[in-house]
Amino acid sequence: SFNFNLNASYARLPSTLRVNPYPYLSVFGLPDTLSVMSRQEVTTDRFSGYFSTGFGRDFTYWHFGIFGSASAWADRMTSGMGYFKNAGGVGGIAGGVGGWTEGGCVADSLRNDINLQAITVDMGPYLSIDYNNFILSVNPYFRYKYLGYNDKVADSKFHMNKLDACPTMSLRFGITEDLKFSASGQYRVVYGRLTDVYSGYIMEDYRSISGTGRILPKDETQNYSASLNYGNALISVFGALSGSYWYDNSNLMYGNIFYGDLSRIKSYEISNSSSGYNLNGNISKRFNDIATTFTLSAGFSKSNSKVYRNGDILKTGYTSKNCAFEITGRIGYNFDYDYNVTYTTYKTSIENSSLKLKSIDAVREKLTLDASMAKSVVIKISGEHYYNSSIASGDRNMFFADASVSYKRKKIEYILSARNLFYTKSYNTSYYNSINSYSYSYDLRPLSVLFTVSFSLR
């Protein structure tokens, strides 16, 4: 057999971020007494192409083949951040934005103009065996990588050629007619892209700026997984157990340097490794007499990594546990319902540290009711409940509800929907990212009603 595939594409991704007022005036070399608005514009243009081909031959239970693929892309990113002073106007654009006027030139440390070209070629043999519900596939391929960039602001050029082995393996076989086993493993080497080598700072949000330091990252990743799947349609019982392990070795560490509340993200050429594993299981049973399915699931994950903070390397651990219950069913011929609840707990720890971070407990519940009337009218009502134990400001319990009525006639569908029936004013959440804890509060749109019409051309 022989196959062939070729495609090409172009994309432009512009973005603008404004912060008003901008609290960290030292970025622009301004005194703290001023009130200014910052504006950052980032534009990325990308040309990309992909080509793949392969040839294979079958011999009874064996399949041999050779495959090859190549991808290439050319990126250009430009960015700049400046500030605006309030000119006292109201609305309109007169030398500025909505009554604001430009305050000065953008510093080189806040600009980027960089071109990057990359080519990746994968090539190698593959072998598979398919015999009596036993399937083994081995793919010991090689990857060639070329990467070059020209940073015009920093007046810096770089070129790289690398050849790495990236083997993969997968295995599947049936233990019994109802019980199946599968496993896989792979080793990958991944090098950085344009977003890893720019020299100027980029504002991530109102209190965070990043500067990569122009060090190209190299990540060597190993992934292994295994699973048992059980399914018996006669007794309507289905279940699965799965586990995975990963290990990553990188030549870089990313650290945060804090200037008060302002966080600066920077890369450091320090060897860094991390690892983790996941365990998951689920089981479901359907009772046909009452048209109801019950599902139970649980999961556990743990990871270990290193974090760079203000010159110190901290060893951290992250643990997550969850369990869930779901019930779905039908009442009569017209009413369907679905209720699910998930409990999750997160814990982050720092080795040899007196700092103890509290665990976060979270609960999510959702109930959905669907009613079909006369085959063309559908009424849907849904409600959700969220709980987060670490929310310090605002309500830890949040309730939401939506409803809709739809009517379909031939190829046209009319939908009347109402959102936020409980008039919930905000959504609060909190979570861990490494050893940092983040809390956010989002103002929500009040109760709203929307009427839409959709039609199909087929």
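Met253, leaving aside neighbours within four places in sequence, is in contact with Lys266, Ser267, Tyr268, Ile270, Ser271, Asn272, Lys306, Val307, Tyr308 and Ile313. The model in which these contacts are found is a predicted one, and its protein chain comes to 25 strands and zero helices. Met253 itself is placed in strand β13, which covers residues 253–259.

**Two residues in their surroundings**

- Met253 has a relative accessible area of 2%, and because buried means under 20%, this residue counts as buried.
- Between Met253 and Ile114, which are 139 residues apart along the chain, the C-alpha atoms are separated by 23 Å.
- Gln186 is found in strand β8, and because its relative accessibility is 27%, between the limits of 20% and 50%, this residue counts as partly exposed.
- Not counting residues up to four places away in sequence, Gln186 touches Pro167 and Thr168 as well as Thr221, Gln222 and Asn223.
- Gln186 and Ser170 lie 16 residues apart in sequence, and their C-alpha atoms are 8.7 Å apart in space.

**Nonpolar cores**

- The largest nonpolar core has 16 residues, and those with the most contacts inside it are Met77, Ile114, Leu116, Leu147, Tyr149, Val197 and Leu216.
- At least two residues of this core are supplied by each of β3 (62–86), β5 (111–131), β6 (134–151) and β8 (179–191), and the largest share, three residues, comes from β5.
- Leu116, when its neighbours within four places in sequence are left aside, is in contact with Trp73, Ala74 and Asp75, with Leu147, Gly148 and Tyr149, and with Arg193, Leu194 and Val197.
- As general background, nonpolar side chains tend to be buried together in soluble globular proteins.

**The chain as a whole**

- The C-alpha trace of the protein chain spans about 75 × 60 × 60 Å along its principal axes, and buried residues make up 33% of the 458 residues in the chain.
- Of the contacts in the protein chain between residues at least 6 apart in sequence, 58% join residues that are at least 24 apart.
- The accessible surface of the protein chain comes to about 27,400 Å², and 57% of this surface belongs to carbon and sulfur atoms.
- The protein chain carries 46 positive and 37 negative side chains, and the centres of these two sets lie 3 Å apart.

Definitions and conventions:
Residues numbered from 1 in each chain as written. Predicted model: local features only at pLDDT ≥ 70, side-chain atom pairs only at ≥ 80, totals over all residues. Heavy atoms only, no water. Core = buried A, V, L, I, M, F, W, Y, C linked by side-chain atoms within 4.5 Å. Buried < 20%, exposed > 50% of the residue type's maximum accessible area, 1.4 Å probe, protein only. Helix = DSSP H or I, 4+ residues; strand = E, 2+ residues; numbered from the N terminus. Contact = heavy atoms within 4.5 Å. Areas by Shrake-Rupley, 256 points an atom, 1.4 Å probe, with all protein chains shown as cover. Lys, Arg positive; Asp, Glu negative; His and termini not counted. Charge placed at Lys NZ, Arg CZ, Asp CG, Glu CD.
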